[in-house]
Amino acid sequence: MGAGIAQVAAQAGHATVLVDVNVEQLQKAQAGIEKVLARLVEKGTKTEAEKNDILGRLTYASNIADFAGCGMVIEAIVEKLEVKHSVFKEMETVVSADCILASNTSSLSIASIGSVLKNPSRIVGIHFFNPAPLMPLVEIIPAVQTSEEVLSTAKAIIDSWEKKTVVCKDTPGFIVNRVARPFYGEALRIYEEGVADFATIDWAMTHIGKFRMGPFTLMDYIGNDINYTVTETVFEAFYYDPRFKPSFTQKRHAEAGFLGRKTGRGYYNYAAGAVLPEPVKDEVLGRQIFERIIVMLINEAFDALFLNIASRNDIDLAMTNGVNYVKIVIARMYCCAEWSKEELKLKECLIFDA
Ligand SMILES: NC(=O)c1ccc[n+]([C@@H]2O[C@H](COP(=O)([O-])OP(=O)(O)OC[C@H]3O[C@@H](n4cnc5c(N)ncnc54)[C@H](O)[C@@H]3O)[C@@H](O)[C@H]2O)c1
């Protein structure tokens with residue numbers, strides 16, 4: 001993530017320092033950025049001169065002392081609070097008094113990260129999506145300690161990087177990783193209840209729901225180990241709210257090493273010559289599956305709105321730009337809450353035709 005964020009900052013015209021304690025990782029990051037920019041030149045998106053300018057703005061270092069002189073630092077190191085604490089403490093001794101200190105954490109609270117700073121009002125969450133150069137959404141998360149000035153400056157900087165920013169409360173999963181949980185959780189429940197198999201659930205969500213990818217295909221992309229860990233973390237962070245309960249099916253897949261595409265087997269078999277299972281293309285069943293999942297997503301979106309996690313507009317922006325939820329789904333989320341049953345029946349058809 002750090003390499004992608006550094007590339008975005010350098011592309012936006014900033015002199016950028018990428019620091020990593022691991023020199024190999026640093027070399028990998030440099031080679032990766034150079035390769036991506038070379039490809040952009042080949043495609044005609046960037047000129048050779050632009051590429052050289054961007055590369056000229058990037059420096060690579062393995063010492064935090066090299067952050068001296070930076071106006072903003074975005075931390076994207078290992079997701080362990082104690083490691084982040086020691087890095088933030090050290091950074092504060094190096095940077096200027098008005099340097100913004102940001103974290104790209106996905107699951108830790110910004111308040112807890114900033115608690116070790118002498119000036120905690122300079123902490124803010126700046127959460128990119130992977131891959132950072134391609135994904136337009138960035139969640140900006142003020143902690144209880146964050147000053148108004150730090151929040152508005154951080155937001156203005158990221159807006160100037162041609163990203164779509166949304167502001168959200170410092171709560172587990174922020175917007176996207178909170179609202180999207182039932183896409184996996186409810187799909188796994190439907191499977192565990194014996195309602196349908198993986199392929200049929202995926203078919204229902206792509207064919208009827210118009211999602212770009214079904215939940216099991218998506219979990220196989222993300223990796224069952226990663227997705228399961230995030231689910232466990234969110235469950236714990238929400239004080240074991242049963243809505244976020246992890247699934248034994250996913251746990252067993254992760255334990256068996258059926259991690260998804262990266263191991264050649266997940267919910268599906270990706271070995272050469274393996275044939276993907278055919279879904280049961282039953283429209284009535286498909287609609288039931290789709291409605292169960294969509295209703296859970298609607299609940300989460302509304303819970304986030306109700307608890308002022310973010311504005312309605314920002315939740316909408318986050319779900320369309322962070323996870324590419326189709327507009328139709330967002331429209332259905334809102335119409336369900338605002339329209340009477342009769343109106344809903346009428347308008348539902350219109351939305352489906354839109
Ligand atoms: N991977 C994602 O999809 C994603 C998305 C959004 C946010 N995030 C967040 O970004 C952060 C990084 O995630 P990642 O997937 O890029 O992790 P990663 O393990 O791929 O990279 C972390 C890097 O930090 C370096 N590092 C570790 N300790 C360090 C230290 N003390 N000083 C300097 N460098 C150090 C490591 O050498 C490594 O190169 C995490 O907080 C994660 O939650 C990740």
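A nonpolar core, as the term is used on this tour, is a set of buried Ala, Val, Leu, Ile, Met, Phe, Trp, Tyr and Cys residues joined through C-beta atoms within 7 Å. A residue is called buried if 20 or more other C-beta atoms lie within 10 Å of its own, exposed if 12 or fewer do, and partly exposed in between, with the C-beta atoms placed from the backbone.

The structure on the screen is a predicted model, in which local features need pLDDT of at least 70 and side-chain atom pairs count only at pLDDT 80 or more, while totals for chains, interfaces and linings use all residues. Residues are numbered from 1 along each chain as its sequence is written.

**Confidence**

Colour the protein chain by pLDDT, which is the predictor's confidence in each residue, from 0 to 100. The mean pLDDT of the chain is 91, and 92% of its residues reach 70 or more. Then select residues 344-354, over which pLDDT stays under 50 and for which the model has ten contacts beyond four places in sequence; a contact here requires that the C-beta atoms of two residues, placed from the backbone, lie within 7 Å. Where pLDDT is low, the predicted coordinates should not be read in detail.

**The core**

Next select Ala102, Val124, Ala154, Ile175, Val179, Ala187 and Ile201, which touch the most other members among the 82 residues of the largest nonpolar core. Helix α13 (residues 283-306) supplies the largest share of this core, eight residues; helices (H or I, at least four residues) and strands (E, at least two) are DSSP runs, numbered from the N terminus. Because domain 1 (2-167) and domain 2 (177-353) both give residues to the core, it lies between them. Centre the view on Ala187, which touches Ile201, Pro215, Phe216 and Ile293 when residues up to four places away in sequence are left out.

**The two domains**

Now colour domain 1 (2-167) and domain 2 (177-353) separately, as the domain assignment of the protein chain gives them; such bounds come from an automatic or database domain assignment. The C-alpha centres of domain 1 and domain 2 lie 30 Å apart, and the contact takes nine residues from each of them, domain 1 and domain 2. On the side of domain 1 that touches domain 2, the elements giving two or more residues are β6 (137-142) and β7 (164-167), and β7 gives the most, with three residues. The residues of that side divide into five nonpolar, two polar and two charged, where Ala, Val, Leu, Ile, Met, Phe, Trp, Tyr, Cys and Pro count as nonpolar, Asp, Glu, Lys and Arg as charged, and the others, Gly among them, as polar.

Within strand β6, pick out Pro142, which counts as buried because it has 23 C-beta neighbours inside 10 Å. Leaving aside neighbours within four places in sequence, Pro142 is in contact with Val124, Leu151 and Asp170.

**The ligand**

Select the ligand and the 18 residues that surround it, of which the closest are Met1, Asn22, Gln25, Ser106 and Asn130; a residue belongs here if its C-beta atom, placed from the backbone, lies within 6 Å of the molecule. This shell divides into nine nonpolar, seven polar and two charged residues. Pro131 has its place in the loop between β5 (123-128) and β6.

**Two positive phi angles**

Most residues other than glycine have a negative phi, and most peptide bonds are trans. Select Glu162, in the loop between α6 (148-160) and β7, where phi is positive at about 60° although the residue is not a glycine. Asn308, in the loop between α13 and α14 (312-321), is also not a glycine and has a positive phi near 55°. Glu162 counts as exposed because it has 10 C-beta neighbours inside 10 Å, and Asn308 counts as exposed because it has 10 as well.

Finish at Asp220 in helix α10 (residues 215-222), which is buried because 26 other C-beta atoms lie within 10 Å. Asp220 touches Gly260, Arg261, Gly266, Tyr267 and Tyr268, not counting residues up to four places away in sequence. Gly264 lies in the loop between α12 (248-255) and α13, and counts as partly exposed because it has 14 C-beta neighbours inside 10 Å.
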